[in-house]
Amino acid sequence: NRRQFIREMGLVAGAGISAGAFAAESTAAGNLKLYPGKRNPKHNLKVQLTNKAWATGYNNFYEFTTNKELVRHPFYMDKFKVDPWQIQITGLCEKPFKIDTQQLIADMGLEERVYRFRCVEAWSMIVPWSGFTLRKIIERAVPKKQARFVKFTTAMNLKQMPGIARLPAYPWPYTEGLRLDEAMHELTFVATGIYGKPLPKQNGAPIRLVVPWKYGYKSIKSIVKIEFTAKQPKTLWESLAPDEYPFESNVDPKVPHPRWSQATERVLGFNNRIPTLKYNGFGKQVASLYKK
Ligand code: MTE
């Protein structure tokens with residue numbers, strides 16, 4: 001679409017991460033006093049954090065645009081309303097519930113964790129997330145015996161999210177899924193903040209998933225629904241290209257993406273490449289999930 005392209009080029013001219021253009025952040029509303037949660041010493045990777053300008057300025061959020069540096073532009077983010085925001089927990093569980101996200105945060109409490117994050121496109125970052133384990137939500141909902149998977153769904157609002165109409169072949173809304181045991185794992189995190197503040201909209205405000213041993217697309221943003229299912233749910237990326245984005249999608253340097261190698265990665269903000277680690281470095285914690 002030529003008009004779209006010209007418009008985006010105009011915006012790009014004003015962008016530029018290092019210049020810190022349009023640095024004003026549109027974060028979700030939230031009780032700032034809760035942030036950052038107390039740093040959890042068990043999940044405190046002792047490596048240099050990614051510069052915040054990169055983590056909040058280079059984003060994948062296809063509901064808005066495929067241009068990573070433009071997602072955060074007020075042109076997109078100003079229309080995106082994230083407060084109030086309800087999240088529904090439903091499907092095969094004894095105690096389904098629907099709750100305002102700010103209330104959920106107040107109920108669950110926040111902690112801070114530093115995780116490595118690895119995108120399937122072979123870039124990575126190291127960021128401090130504020131949030132709580134997904135397990136806490138699951139325990140409140142009490143899954144039924146038949147529940148074996150958890151499906152996640154992002155909001156779909158065509159007026160607020162112009163990228164959806166530009167990708168009509170995509171099976172919107174954005175959905176993701178985990179096995180129930182993966183979802184219950186101690187590392188599986190629900191983030192509502194980053195760098196000690198509520199999530200900027202472009203990072204998936206007001207509530208997103210972070211699954212640090214899987215490729216970044218599993219870490220679904222701006223969630224409105226969490227659903228327990230008996231069957232493995234179809235995800236957006238798996239429906240589009242099952243060979244490229246399979247359901248499991250654990251980080252593995254030895255398994256190349258069909259179109260590029262996964263052996264190394266570019267850390268945002270640096271020019272060199274570093275080796276990618278199996279399970280993104282979380283093998284000790286998660287390898288046992290995949291013993292046949
Ligand atoms: N969630 C939604 N709803 N839409 C998206 O386009 N992109 C995914 C994931 N979650 C995406 C999403 C991909 S490919 C990555 S790498 C991460 O979000 C990027 O998260 P970040 O922008 O906070 O770095």
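Q: How far is a nitrogen atom of the ligand from an N or O atom in the side chain of Glu-63?
A: This is a predicted model, in which local features need pLDDT of at least 70, side-chain atom pairs count only at pLDDT 80 or more, and totals for chains, interfaces and linings use all residues. Residues are numbered from 1 along each chain as its sequence is written, and side-chain values use heavy atoms, leaving out hydrogens and water. A polar contact is a pair of N or O atoms within 3.5 Å. For the side chain of Glu-63 and a ligand nitrogen, the distance is 2.8 Å.

Q: What percentage of the ligand's area does the protein bury?
A: Polar side-chain atoms of Arg-208 lie by the ligand too, one being 2.7 Å from a ligand oxygen. Accessible areas come from the Shrake-Rupley method with a 1.4 Å probe. Taken alone, the ligand exposes 530 Å², and the share buried by the protein is 98%.

Q: Which residue of β4 is the bridge partner of Arg-39?
A: Strands are DSSP runs of E with at least two residues, numbered from the N terminus, and two of them pair if DSSP finds at least two bridges between them. Strand β1 (residues 38–44) pairs with β4 in the parallel sense over three bridges. The partner of Arg-39 in β4 is Glu-112.

Q: Which residue of β5 is the bridge partner of Glu-112?
A: Strand β5 (residues 123–133) and β4 pair in the antiparallel sense over eight bridges. In β5, Glu-112 is bridged to Ser-130.

Q: How many residues of β4 are buried?
A: Buried means under 20% relative accessible area (1.4 Å probe, protein chains only). Both faces of β4 are covered, with Tyr-115 among the buried residues on one side and Val-114 among those on the other. For strand β4 (residues 111–118), the count is eight of eight.

Methods. Buried means under 20% relative accessible area, exposed over 50%, partly exposed in between (1.4 Å probe, protein chains only). Helices (H or I, at least four residues) and strands (E, at least two) are DSSP runs, numbered from the N terminus. A polar contact is a pair of N or O atoms within 3.5 Å; within protein, one must be able to donate a hydrogen and the other to accept it, and residues adjacent in sequence count only if both atoms are side-chain atoms.
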